[in-house]
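Please look over the sequence and the model shown here before reading on. The report is meant for someone meeting this structure for the first time.

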Amino acid sequence: MATYRRQKHAPSADEVRQRRADALVESQRWLDLLATPQLNEYQKRRLIQDTIDNFDDYFNRGYIDYRKSVTESEGFASIEWTGTGCYVEDVQGKRYLDCLGGFGIYSCGIRHPKVISAVKAQLDRMPMSSQELLDPLRGALAHLLGEIMPGDLQKCFFINNGTDAVEGAMKLARLHTGRSGFISCLDGFHGKSYGSLSLMGKAEYRVPFEPLLQDVYFVPFGDAEAVEDELKKAQQVGFDVAAVVAEPVQGEAGAVVPPDDYWPRLREICSRYEVLLIADEVQTGLGRTGALWAVDHWDVAPDIMCVAKAMGGGVMSLSAFVSTPEIWKVLEKNPAIHSTTFGGNPLACAAGIAAINVVLEEDLPAKAAKSGAYLLGELQKMRERYADVWVEARGKGLLIGMEFVDSEFGYAVAAGLFKRGVLVSGTLINAKTLRIEPALDISREQCDEILEKLEDTLRSLTAYCKLTP
Ligand SMILES: Cc1ncc(COP(=O)(O)O)c(C=O)c1O
């Protein structure tokens, strides 16, 4: 398609007509490409060039540079095309063992057949909601979630991503308590809309958008005493705190696991001070950490829980915030007080129902616990051989972080793995920590392949004392 840059002057009527005619031709070309079962070499090369040009000219050039590990391994032109289970495949047919899992969405693997067929069946029936008739899948998914949630978390609202789940949880906490403040954790990550960003525990992402919500107080993650101190201070000076918000295991901070008494103590403190406890299980939920919910490790039921990522079975975007019937009453007076057009649409709910079925039927939490323990154990042994450059291997289940001395070395390891056909990436808040977050049914052989390729990468990086992969 001819590339028209935005002109300073308003385009003439002829130019507008021409651009629309071009868009029609270009859209048809892509539709034809989508319908082509096997691309030929020319189509592949053109697809690569078009994708790079389109990102550069129309999306965000920064993305091409930002994926530094990919770029450094000279793979910046790798264009994803398909995937199955634990593998992503680029348009040229190179396969990558996927240890990134789309940042945690592929707990059921890529294109799990049960999820795909549920969504396809619903697609042929009713893809989106009429918005006026009651849609049965929304009710069915709400019921299923209610059955598998901890404590008496039973009522839910569906949206499309983790950020919106946190946003809804914050609004619900304010509505129910009539208070405005939140206690959040340093290095915590809860999303990037204004409310959820206000809970963000890292300056880099907050400062350009200040002022955010004013009454958010930060405490170190894993320190229950600091939460109590903050609540005491708030009481003393008359600040109103609606809720304490935390991830059960911090994901984007680099798979940081709190002490075992942290969540039970948070529960006890929140109940005593009559503030709500919000568990952000966007990344940890549905088996990732080796239990169905990460809070199950400590037998804690929060007052509100946020779920997303894996909930759509790796096929649809779907999220929810869930709470108790008592807290939910404030939303029932006027259900339109918090609403969404696409949240909980029938396709997403079909995917959600299938995802829950797969997680339970295949016992993915138990598989994550077993493979996670094996991988982490082996990584910790390997770390001892590279202690100069590798600070720590930690995590729970298949939410594993490998912290290196600095982000440059982390990038070099990610690039080396990418070159060897293993996909990993840094965590958002802590770039020197690489995450391992594969499909939960990853096999022992696949775990061993990761370990071998990692060792090979580290050997070559440390042998030459340079950071080229
Ligand atoms: C714990 C947690 N909360 C919220 C979010 C935001 O989710 P999303 O990117 O789907 O909006 C993330 C994303 O990584 C997350 O890890």
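The model is a predicted one, and one of its sheets is an open sheet of seven strands, arranged in the order S4-S10-S9-S8-S7-S5-S6 with mixed pairing. Its edges are formed by strand S4, residues 155-159, and strand S6, residues 216-219, each of which pairs on one side only. On average, and with direction ignored, neighbouring strands of this sheet are turned by 20° against each other.

Within this sheet, strand S5 (residues 181-185) and strand S7 (residues 241-246) are paired in the parallel sense, with three bridges between them. In this pairing Phe182 has Ala243 of S7 opposite to it.

## The four-stranded sheet

Another open sheet is made of four strands in the order S11-S12-S15-S14, and here the pairing is antiparallel. Strand S11 (390-396) and strand S14 (425-426) are the edge strands, so named for pairing on one side only. Inside the sheet, strand S12, which covers residues 399-404, is joined by four bridges to strand S15, which covers residues 433-436, and the two run antiparallel. Glu403 is placed opposite Thr433 in S15.

A helix accompanies this sheet: helix H15, residues 364-385, lies across S11, S12 and S15, and runs at about 170° to S11.

## Helix H14 and its two partners

Two packed helices are described by the angle between their axes and the distance between the axes. Helix H14 (residues 346-361) packs with helix H7 (residues 136-148) at an angle of about 30°, the axes being 9 Å apart, and the crossing of H7 and H14 is left-handed. On the H7 side the contact is made by Leu137, Arg138, Ala140, Leu141, Leu144 and Ile148, while H14 contributes Pro346, Cys349, Ala350, Gly352, Ile353 and Ile356. By class, the residues of this contact of H7 with H14 are 10 nonpolar, one polar and one charged.

H14 also packs with helix H6 (residues 113-123), at an angle of about 155° and with the axes 8 Å apart. Because angles over 145 degrees count as roughly antiparallel, H6 is roughly antiparallel to H14. The crossing in which H6 passes H14 is right-handed. From H6, the residues Lys114, Val115, Ala118, Val119, Gln122 and Leu123 meet Pro346, Leu347, Ala350, Ala351, Ile353, Ala354, Ala355, Asn357 and Val358 in H14. The contact of H6 with H14 divides into 12 nonpolar residues, two polar residues and one charged residue.

## Helices H15 and H17

The crossing of H15 and H17 is right-handed. In the contact, Ser371, Tyr374, Leu375, Glu378 and Met382 in H15 meet Arg444, Cys447, Leu451, Leu454 and Glu455 in H17. These residues of the contact of H15 with H17 divide by class into six nonpolar, one polar and three charged.

## Around the ligand

Which residues come nearest to the ligand? Of the 15 residues around the ligand, those that come nearest are Asn161, Gly162, Thr163, Val282 and Gln283. Helix H8 (residues 162-177) gives the most to this shell, with three residues. Taken by class, the shell around the ligand consists of five nonpolar, seven polar and three charged residues.

Technical notes:
Residues numbered from 1 in each chain as written. Predicted model: local features only at pLDDT ≥ 70, side-chain atom pairs only at ≥ 80, totals over all residues. Pairing = 2+ DSSP bridges. Contact = placed C-beta atoms within 7 Å. Axes fitted to C-alpha atoms, helices over the stretch in contact; angles between N-to-C directions. Left-handed = near helix turned anticlockwise from the far one by under 90°. Nonpolar A, V, L, I, M, F, W, Y, C, P; charged D, E, K, R; others polar. Near = placed C-beta within 6 Å. Parallel < 35°, antiparallel > 145°, perpendicular 65-115°, else oblique.
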